[in-house]
Amino acid sequence: AAASILNTIRLMGRALLPDGSRCSLILALVEHGSNRLIYGKDMKETRDKLLNLQPPTAVAFVRHFLALADLGERAKNLIIEVSGAQIENAITNYDFVGTKPSLVAAASILNTIRLMGRALLPDGSRCSLILALVEHGSNRLIYGKDMKETRDKLLNLQPPTAVAFVRHFLALADLGERAKNLIIEVSGAQIENAITNYDFVGTKPSLVAAASILN
């Protein structure tokens, strides 16, 4: 908590957090903690780790929610697979830009619950999973308008192509336009050759995309 506050103080401009407020906040941390808490080696390491953390992905949230529910391994693995397929479709779709990963994760789980038969996911397991989402999310997260729209969008998505994944991966890299266009052209040629090849039936588009980029 203290590390996150100190990082926030550093990140906020003085217009939002004047010097007087900064000093007051640091003094509160010192008085109710210690100089060692604020200035020690552990604090520096914790602050650096917090700043270097990558935001959790929707798949990470799926695993987090499943860990909080009373489910067997078979049910968990199946939900991860079905939810993961929905999330993979969403990654390259513009409609999901800005949508919270936790919302996408919860929506994919609720869709999977609806799609799975009771032989694979008994009522007790369903209730346990929904309760985990409510307790560690909110009723609004589970039942609100945003959730309904996100669930519907996930179910109506067309699977992304390998070329779409190439563009997605390139957008995440620090590359000039010339390099990006050249990679798209060369990767696209490989993907075009793969489309009609029987050996690639069932191969994930994301894998084909990554392989073509590495080539």
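Predicted model: local features only at pLDDT ≥ 70, side-chain atom pairs only at ≥ 80, totals over all residues.
Biologist: Why are helix 7 and helix 8 called roughly antiparallel?

Modeller: Helix 7 (residues 101–115) and helix 8 (residues 123–136) pack at an angle of about 165°, and their axes lie 11 Å apart. The cut-off is 145 degrees, and the two helices are therefore roughly antiparallel to each other. Their crossing is left-handed.

Biologist: Which residues of helix 7 and helix 8 meet?

Modeller: Helix 7 contributes Ala106, Ile109, Leu110 and Ile113, while helix 8 contributes Arg126, Leu129, Ile130 and Leu133. By class, this contact of helix 7 with helix 8 comprises 7 nonpolar residues, no polar ones and 1 charged.

Biologist: What makes helix 7 roughly perpendicular to helix 10?

Modeller: The axes of helix 7 and helix 10 (residues 145–156) cross at roughly 65° and come within 9 Å. Roughly perpendicular covers 65 to 115 degrees, so helix 7 is placed in that class relative to helix 10. The crossing of helix 7 and helix 10 is right-handed. Among the residues making the contact are Leu103, Val104 and Ser108 of helix 7, with Asp146, Met147 and Thr150 of helix 10. The contact of helix 7 with helix 10 has 9 nonpolar, 3 polar and 3 charged residues.

Biologist: How many helices and strands does the protein chain have?

Modeller: The protein chain has 13 helices and 0 strands.

Biologist: Why is the protein chain described as more spread out than a compact globule?

Modeller: The globule rule gives 17 Å for 215 residues, and the radius of gyration of the protein chain is 23 Å, well over that value, so the chain is more spread out than a compact globule. Along the principal axes, its C-alpha atoms fill a box of roughly 70 × 55 × 30 Å. Of the 215 residues, 32% count as buried. Among contacts with a separation of 6 or more, 70% join residues 24 or more positions apart.

Biologist: Why does Leu51 count as partly exposed?

Modeller: Buried means under 20% relative accessible area and exposed means over 50%. Leu51 has 35% relative accessibility, and therefore counts as partly exposed. Leu51 is found in helix 4 (residues 41–52).

Biologist: Which residues is Leu51 in contact with, leaving aside its neighbours within four places in sequence?

Modeller: Leu51 is in contact with Asn7, Arg10 and Leu11. The C-alpha atoms of Leu51 and Asn111, which are 60 residues apart along the chain, are separated by 34 Å.

Technical notes
Residues numbered from 1 in each chain as written. Heavy atoms only, no water. Axes fitted to C-alpha atoms, helices over the stretch in contact; angles between N-to-C directions. Helix = DSSP H or I, 4+ residues; strand = E, 2+ residues; numbered from the N terminus. Parallel < 35°, antiparallel > 145°, perpendicular 65-115°, else oblique. Left-handed = near helix turned anticlockwise from the far one by under 90°. Contact = heavy atoms within 4.5 Å. Nonpolar A, V, L, I, M, F, W, Y, C, P; charged D, E, K, R; others polar. Rg over C-alpha atoms; globule rule 2.2 N^0.38 Å. Buried < 20%, exposed > 50% of the residue type's maximum accessible area, 1.4 Å probe, protein only.
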